[in-house]
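Q: Please take a close look at a single part of this structure. Then set it beside the other parts, in one connected account for someone who is new to it.

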Amino acid sequence: MAAWLSGLDGERLERVLVARPDGVAAPEPQSLGEVADRLRRQASVARVLPRLTLPCLQATEALAALGTASRAELAYLLGVSGADGVRGLDEALGGLAELALVWPDGDGQLCMAEPLRLAWHTPLGLDAPLVELLADTASEELRRMLVALGVKSPGTTRRQRLSALVGHHSDPEQVTALVAGAPAATRKLLGRLALRGSERAAQEDEFGEIHAGSPPGARWALERGLLVQDRYGYVPARMPAEVAFALRGDDWHAPFDPVPPSVSSAPVTSEDVDREASAAATAFAADAASVLAVCSASPPAVLKSGGVGARELARIGKAARCDDGVVRLVLETAHAAGLLAADGDRVAATDGYDAWAEREPAERFAVLLQAWRELPFAPSQARGEDGKALPVLAGTPPCVACAQARDGLLIAAAILPAGRGAENAAELGPLIAWHRPLAEELHRDAVPFATHVREAELLGVIARGALSRIGAAAREHDAKALAAACRRLLPAAAKTARFGTDLTAVVTGTPSASLAALLDATADREAGGTASVWRFGPGTVRRALDSGRTPEAIVADLAAVAVGALPQPLSYLVHDTARGHGRMRVTTAACVIHGEEPALLAELAAHRQLTGLGLRRLAPTVLVGRSPLDDTLAALRAAGYAPVAEAADGTVRVEKPQHRRAAAPVPRPRQPERASGGRATNARKKKKSRGAADAPDVGALAAKLLAAPPIAPEPDPENGIPYNTDVEEITAYYARLLPLADIRQLAHAISKRQAITIEYVDASGNYTVRTISEIDLDAPYIYAWCHLRDDDRVFTLSRVHGVMPA
């Protein structure tokens, strides 16, 4: 690798460093050897693999199966032919070289970074080579294999016998001829295993045929090293890579797709794309403003298990006139942008929301679009693998495959020919899979990547099956270009409305914050999107009057934002509703004072000593106060008056003195005396006889106190018991619901990668018991193999309620 790097000029070396997802050019010049070592240290296959195209992955898998091979050998294995195949292989190897994953050495052999080679457990379905599989085989067993093959051993040592066996099986012609003379059952078994190749497939489908004591066909192959069995016979037999290669034949080639799949396209102009993208972005900006306004006025409640549930989402969608997918997308992007945050058992708007709401629609939309571009999951995904509704803002674990699916979508739309767009955006799925083969297809999608495509269409990133201006800027992560594209496609906020005689108000485009607040206060929103509609009625006008507005102020405010004169029916509605508003009043009162002498009640209302009661005159003979009944009676009597209290039915309440009494102690049952010589009697006798001999030794106690350390060690949070390992401390910090015993049991299982059974409450609030193994801790999550689902799963530590042995 160092020799290859030495042939790079400064510009290409800089591109290699920048291409690495975690490789940043050093601030000071370094030697090529230091750069090579740095690249080895910083190699992160887990981050690089999802970014590779399908031909790059296929080439690396084939090279991992071959080991070190020349370009010609790799091309032969991949079956490269024609100009497209040659060009595709050159582009794949060039892309891998730019990432410092595959490079040619001085002899023309292709070398691969070791972490990338280890990423393929069974490349092309091939098992390990014969040398590795026979590493623990005894020399005598190797001799018996050579005898069965009719091969003369070059020596008596184990190394010599193994070398002879490997030499025989490395010759495809000899292996083919050997298998041709095998029993029919053996030929059928070996042919099936050679094509399947996978150890897991063998374990699932062939375990009954190839374990110890298997039929003669399998035993014939085991005796000649065509299959290798472990010494105990509990693991399925494995086929060496040399044998699988030979049995597949010279005409077998590894899969290689150098040309991306074709997509049915239709002609489309840039004006058409801009028009549709503008409509979609404008509608989403208006919907986002409505959804966040609802959340600001009435913050959604959070489920006990975390996140905003389906009921709150339905309430927000009904109030904002948006469907569930839009509400989910707005909430997740707004939360990522810092416009929403958890506040106890609610999700409330932040101070940043107020500033965001005052900005122009293009600026609002750009903030949410940038947040969507960086989200590590699909925010509009409504249901999980089990079909249950997923809450929003529930701390979804990061999903690199989902983020790569979004990248692949933008790339797929960008490479379409100029002036062409996909006839159906859903047909971009195969193209996404070619550019990002490790991208995740959501389980509930009827068409691959349908959720990601739908999100891009809602945001105007894709319009008419082509990448829009804002989509191109989002793909390049160019904030300035994105802001410019949004300003070009999204109109300015509307500050006026058209009022109709049918008591409606229509706003074209996205209303400004002040206009939306005025109309929301005086009318009900009926529709949103590119044109928002509000409807007035007696209830909406009464709501505005209840907020303290006068009818004159309401008419004046509406006339100020109206296009033309305010319709007469709307003015009549406001004034007619105002005539009946406030004809009766309701007040709160802690107590009521009434009497037959108006002068006496007027004196009480004006008495300085009684101002603390908050007395207010409702009628000449009626006062109301804000203090409770008993406090009012005490204050009046202290001021020299003689009031009486009334019961709820209007009768005079007779006040009897209340005397406090303590609860009588419960007598303890008397224990029967034991017979003479019992422990209780003897203890009392001994106590009387010891006398002063039991007095504590004050000097010994003082010496013990002086010998103690001056400062006691600070106890750990868990009853003073310190944690044994860092894993225990981290687990205890996030798994707050677990007792110390369960924390230690779970931490031990994580450290030893042992199986454990947990009581778990999922994101939907459902209780379940799972047995998990192969646990990896990435706080606040644990990644493990779930025995119930028979698949990898992610568990949140805070939702683990109990731990039991597996």
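A: **One residue and its surroundings**

Once neighbours within four places in sequence are set aside, R224 is in contact with A148, L149, L165, H169 and L178. The model is predicted. R224 sits in the loop that lies between helix α16 (216-223) and helix α17 (241-248). Is R224 buried or exposed? Its relative accessibility is 14%, and buried means under 20%, so R224 counts as buried.

Nonpolar cores come next. In soluble globular proteins, nonpolar side chains tend to be buried together. Here the largest nonpolar core holds 66 residues. Those with the most contacts inside this core are V291, L331, F365, V461 and I470. The element that gives the most to the core is helix α18 (residues 270-297), which supplies 10 residues. For V461, leaving aside neighbours within four places in sequence, the contacts are L369, W372, L410, A456, A466, L467, S468, I470 and G471. Another core, of 62 residues, lies apart from the largest one. Among the residues of this other core are L133, W220, A221 and A244.

An open sheet of 3 strands has the order β1-β3-β2, and its pairing is antiparallel. Strands β1 (69-70) and β2 (102-104) form the edges, each pairing on one side only. Helix α5 (residues 54-66) packs on this sheet and touches β1, β2 and β3. The direction of α5 makes about 105 degrees with that of β3. Between β2 and β3 (residues 109-112) there are 3 bridges, in the antiparallel sense. In this pair, V102 stands opposite M112 of β3.

A second open sheet has 4 strands in the order β10-β11-β13-β12, again with antiparallel pairing. Its edge strands are β10 (498-499) and β12 (524-527), and each pairs on one side only. Inside the order, β11 (residues 504-508) and β13 (residues 531-535) run antiparallel and are joined by 5 bridges. The bridge partner of T508 is A531 in β13. Helix α28 (residues 513-522) packs on the sheet, touching β10, β11, β12 and β13, and its direction makes about 160 degrees with that of β11.

The buried residues of helix α31 pack against β10, α29 (538-546) and α30 (551-560). Helix α31 (residues 568-579) has 12 residues, which at 1.5 Å a residue should span 16 Å; the end C-alpha atoms are 17 Å apart, in agreement. Which residues of α31 are buried? They are L570, S571, L573, V574, T577 and A578. These residues cover an arc of only 160 degrees around the axis, so they lie on the same side of α31. Q568 and R579, on the other side of α31, are exposed.

Strand β14 runs antiparallel to β16 (residues 622-625), and 4 bridges join the two. For H594, the bridge partner in β16 is V622.

Definitions and conventions:
Residues are numbered from 1 along each chain as its sequence is written. This is a predicted model: local features need pLDDT of at least 70, side-chain atom pairs count only at pLDDT 80 or more; totals for chains, interfaces and linings use all residues. Side-chain values use heavy atoms; hydrogens and water are left out. Two strands pair if DSSP finds at least two bridges between them. Contact means heavy atoms within 4.5 Å. Axes are lines fitted to C-alpha atoms, for helices over the stretch in contact, and angles run from 0 to 180 degrees between N-to-C directions. The expected span of a helix is 1.5 Å times one less than its number of residues. Buried means under 20% relative accessible area, exposed over 50%, partly exposed in between (1.4 Å probe, protein chains only). The arc is that of the directions from the helix axis to the C-beta atoms. A nonpolar core is a set of buried Ala, Val, Leu, Ile, Met, Phe, Trp, Tyr and Cys residues joined through side-chain atoms within 4.5 Å.
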